[in-house]
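Work through these exercises with the sequence and the model open. Try each task before reading its solution.

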Amino acid sequence: MAANNTTTAPSASPAPIQIDLSLLTIVEAALIVFGMIVLGRVARKIIIRKSKETSLTWIINEDTADIVFRMFVLGGIIWALYLLGIMSYGLGPTTVGNIAFAMGFFYFSYLIAKKSKDYMIMSSGKKARPETIVKAKVFYYVFITIAFFMALSFAGVSTELSALLAAAGITGIVLGFSAQTVVSNFISGVFMYFDKPLLMGDHVKIGELEGVVEDIKILSTRIRAWDGTLIRIPNEKLFNSNIVNFMRYPVRRVDVNIGIAYAADAERAVEIIKKVLDDIPLVLVEPEPLVYITNLGESSVNIAIKAWAPSERWFDVRTRIIHDVKRALDEAGIEIPFPQRVNWFANELKIRIEEPPEKSGESGEGA
């Protein structure tokens, strides 16, 4: 009786892993894998058939069918390995099964993130907008990062996450110093996506550079200058520069200054210019164009013309205003003078005119 009451202390070491490699177990594992492959193929055919009958082709299509088929196959393999006892084999603080599940989870998360990113880009049209591309990439990287840390938790190494994060922090510092320009350009590109200071096709002025926005990428922006040259601007420099966007709003003001002679009738010139603006179809009625005398210059009476026009036709309207105003003033006899300067002398100037000497031939002929 005394012997029956004694208890054995639990062993400090875990029980050894039992791997069952008997013929029956191997056959059963093979049947599981085969069955999951068959089920995967059936599911794949059903999804492909449904993709031809639904409008949600971005969800139900051949790519989705392939992902589902791979999930069946991978699930069958993991199930079979569990049956054989291999998945219970310990690796440090975790097991082979946990690591396999975590790898499978991260793999399918990667496929889903990539499919979602591609759909976001394709759904925006044949030529995706830059902000759509940036949004898709940001979503992709955030999704992958979250899936990565979840996979670490599933792998059973959550207790080692602190050490892993510390190592990642040190690695990030080292990479930050070595690639700080790339990181800075990337972050600036993300900020510019939310700020949206410019779009493709906009006429912009950035510092001393001016042209049309050709492409906006995550690290740099490309501008086609007016002389046809390509200018690549890093997003960090672009984000910290003064950006003048001439196409941000639908209308833009045309400013033209013209000088007329002091002897001309300024009020009549203003009326003539207003009539010219009324005859140009692209000059907007609202806001009303303004024509007024700004100042009395050294050589002319200066008149300001301020008219509004559609932003995409601004250059054409400005060119026509200058041409038509010049012609109308010429027809009305109103002079646009050259720069003139009047000099006053304190003492009266005396001019002596001398006759040219007679030619010797002429004097001989007279003799």
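**Exercise 1.** Which helix holds Thr 64, and is Thr 64 buried or exposed?

*Solution.* Thr 64 is found in α3, residues 62-84. Helices (H or I, at least four residues) and strands (E, at least two) are DSSP runs, numbered from the N terminus. The model is predicted: local features need pLDDT of at least 70, side-chain atom pairs count only at pLDDT 80 or more, and totals for chains, interfaces and linings use all residues. Residues are numbered from 1 along each chain as its sequence is written, and side-chain values use heavy atoms, with hydrogens and water left out. Now take the relative accessibility of Thr 64, 18%. Buried means under 20% relative accessible area, exposed over 50%, partly exposed in between (1.4 Å probe, protein chains only). Thr 64 therefore counts as buried.

**Exercise 2.** Where is Ser 311 found, and which residues is Ser 311 in contact with, leaving aside its neighbours within four places in sequence?

*Solution.* Ser 311 is in the loop between β10 (301-310) and α10 (314-331). Its relative accessibility is 5%, so Ser 311 counts as buried. With neighbours within four places set aside, its contacts (heavy atoms within 4.5 Å) are Phe 246, Met 247, Tyr 249, Pro 250, Val 251 and Arg 252.

**Exercise 3.** What is the strand order of the open sheet of 3 strands, and which strands stand at the edges?

*Solution.* The order is β8-β10-β9, with antiparallel pairing. Strands pair if DSSP finds at least two bridges between them. β8 (251-260) and β9 (290-296) stand at the edges; each has a single partner strand, so one side of each lacks a neighbour in the sheet.
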